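Here is a short briefing on one protein chain. Look at the fold first, then follow the strands in turn.

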Amino acid sequence: SPSVFAKLLDLDEGGTFASALLAAELSYGLTEQVELFIDMALQAPEEENGKTAVAFGGGVAFLVGRDIQLDLSASARAHGDTPADPFIAAGASFRF
């Protein structure tokens, strides 16, 4: 499910610059309860006259019953200076 955006970003010294943002995710259901996913994010340029920032991630989601989902994921910077440092995350979602 790709998403593409364009945005005007503020400069510290005043003014703005244009940047394009792209996010995409691909998922695959192993079973009705387990899904694998990979994602990527790109920002070009990451700063005025800067290079392109790219980050990749992936993980697994577990459906526990009808109303609870647990997930584990990891992400790492592939290029650029502004993407987040590598991380590992765990999450829980509940339907009310």
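The mean pLDDT of the chain is 90, and 99% of its residues reach 70 or more. Here pLDDT is the predictor's confidence in each residue, from 0 to 100. This is a predicted model: local features need pLDDT of at least 70, side-chain atom pairs count only at pLDDT 80 or more, and totals for chains, interfaces and linings use all residues. Residues are numbered from 1 along each chain as its sequence is written, and side-chain values use heavy atoms, without hydrogens and water.

**The sheet**
- Six strands form an open sheet in the order S1-S2-S3-S4-S5-S6, with antiparallel pairing.
- S1 and S6 are the edge strands, and each pairs on one side only.
- From one strand to the next, the twist averages 20 degrees.
- Strands are DSSP runs (E, at least two residues), numbered from the N terminus; two strands pair if DSSP finds at least two bridges between them.

**S1 and S2**
- Eight bridges join S1 (residues 3–10) to S2 (residues 16–29).
- Val4 stands opposite Leu22 in S2.
- Their hairpin has five residues between the strands, and Gly14 takes a positive phi near 100 degrees there.

- S2 and S3 (residues 34–44) run antiparallel, joined by 10 bridges.
- Ala24 has Met40 in S3 as its bridge partner.
- S3 and S4 (residues 53–64) are also antiparallel, with 10 bridges.
- Leu42 has Val54 in S4 as its bridge partner.

**Confidence**
- Among the elements of the chain, S1 has the lowest mean pLDDT (82), and S6 (residues 87–94) has the highest (96).

Conventions
Helices (H or I, at least four residues) and strands (E, at least two) are DSSP runs, numbered from the N terminus. Axes are lines fitted to C-alpha atoms, for helices over the stretch in contact, and angles run from 0 to 180 degrees between N-to-C directions.
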